[in-house]
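Subject: Structure for your review

Dear colleague,

Please find below the structure that I am handing over to you. My notes on what was found in it follow directly after.

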Amino acid sequence: FNKEQNFITTKKITVAIKEHRKPILWEKKLPIKYGIYKNSIQPSDKYELVRNSFIKAAKDWSKICNIEFKYDNSRDFDGDFNRKKIPPQGFDFMVKVRKLPDGVLARSFFPTSDINLHFIEIDYSLLSMNDKIEGVI
């Protein structure tokens, strides 16, 4: 499986390889737009940590996977993020911090997942790691 050849011939981008080496692809719709629900981050002074770590992690992913991410903070201050069942219109995913099941530090979704699953969730416990969370993301 050749990532570059696949990108050129199918106009899609590889994100992950599933069982039996079948690629899971994002349709070529770049950049991939995301935001961060600030109200999900407690204590609120950790917002900058999450924001900066995610921006760095997105840059790292961009280099590795030939994906372009665009951070848009226009919806970061949306009210009750727990009531949001899908990302806001125009966003491909949102980042939120919450209590995840024991042993899970972060979780994501596949491009083929239903839109109501297009969240990257980070466990509260990561906020105590200070400058180390982009390695987990």
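In which strand does Glu 121 lie? Glu 121 lies in strand β7, where helices (H or I, at least four residues) and strands (E, at least two) are DSSP runs numbered from the N terminus. Before I return to this residue, a few words on the origin of the model are in order.

This is a predicted model, in which local features need pLDDT of at least 70 and side-chain atom pairs count only at pLDDT 80 or more, while totals for chains, interfaces and linings use all residues. Residues are numbered from 1 along each chain as its sequence is written, and side-chain values use heavy atoms, with hydrogens and water left out.

Overall architecture

The protein has two helices and seven strands, which follow the pattern α-β-β-β-α-β-β-β-β along the sequence. Of its 137 residues, 36% count as buried; buried means under 20% relative accessible area, exposed over 50%, and partly exposed in between (1.4 Å probe, protein chains only). The protein exposes about 8300 Å², of which carbon and sulfur atoms supply 52%; these areas come from the Shrake-Rupley method with a 1.4 Å probe, and for residues only the protein chains shown count as cover. Among contacts between residues at least 6 apart in sequence, 61% join residues at least 24 apart, contact meaning heavy atoms within 4.5 Å.

The sheet and the helix across it

Five strands form an open sheet in the order β4-β3-β5-β7-β6, with mixed pairing; two strands pair if DSSP finds at least two bridges between them. Strand β3 (residues 32-36) runs parallel to β4 and is joined to it by three bridges, with Lys 33 standing opposite Lys 70 in β4. β5 and β7 also run parallel, joined by five bridges, whereas β6 and β7 run antiparallel, with two bridges. Helix α2 (residues 47-65) lies across β3, β4, β5 (93-98) and β7 (119-123), at about 165° to β3. For that angle, axes are lines fitted to C-alpha atoms, for helices over the stretch in contact, and angles run from 0 to 180 degrees between N-to-C directions.

The nonpolar core

A nonpolar core is a set of buried Ala, Val, Leu, Ile, Met, Phe, Trp, Tyr and Cys residues joined through side-chain atoms within 4.5 Å. The largest one has 21 residues, and those touching the most other members are Tyr 34, Ile 36, Ile 41, Val 50, Phe 54, Phe 93 and Val 95. β3, α2, β5 and β7 each give two or more residues to this core, and α2 gives the most, with six. Beyond residues up to four places away in sequence, Ile 41 touches Ile 36, Lys 46, Tyr 47, Val 50, Val 97 and Leu 127.

Glu 121 and strand β7

Five of the five residues of β7 are buried, so this strand is largely enclosed by the rest of the structure. Phe 119, Glu 121 and Asp 123 are buried on one side, and Ile 120 and Ile 122 on the other. Glu 121 counts as buried because its relative accessibility is 10%. This residue is the bridge partner in β7 of Lys 96 and also of Arg 107. Its side chain makes a polar contact of 2.9 Å with that of Arg 98 and one of 2.6 Å with that of Arg 107. A polar contact is a pair of N or O atoms within 3.5 Å; within protein, one must be able to donate a hydrogen and the other to accept it, and residues adjacent in sequence count only if both atoms are side-chain atoms.

Asp 72 lies in the loop between β4 and β5 and, at 15% relative accessibility, counts as buried. Its side chain makes a polar contact of 3.1 Å with the side chain of Lys 33, and a polar atom of that Asp 72 side chain lies 2.8 Å from the backbone nitrogen of Ser 74.

Finally, Pro 43 is placed in the loop between β3 and α2. The peptide bond from Gln 42 to Pro 43 is cis, with omega near 0°. In general, most peptide bonds are trans.

With kind regards
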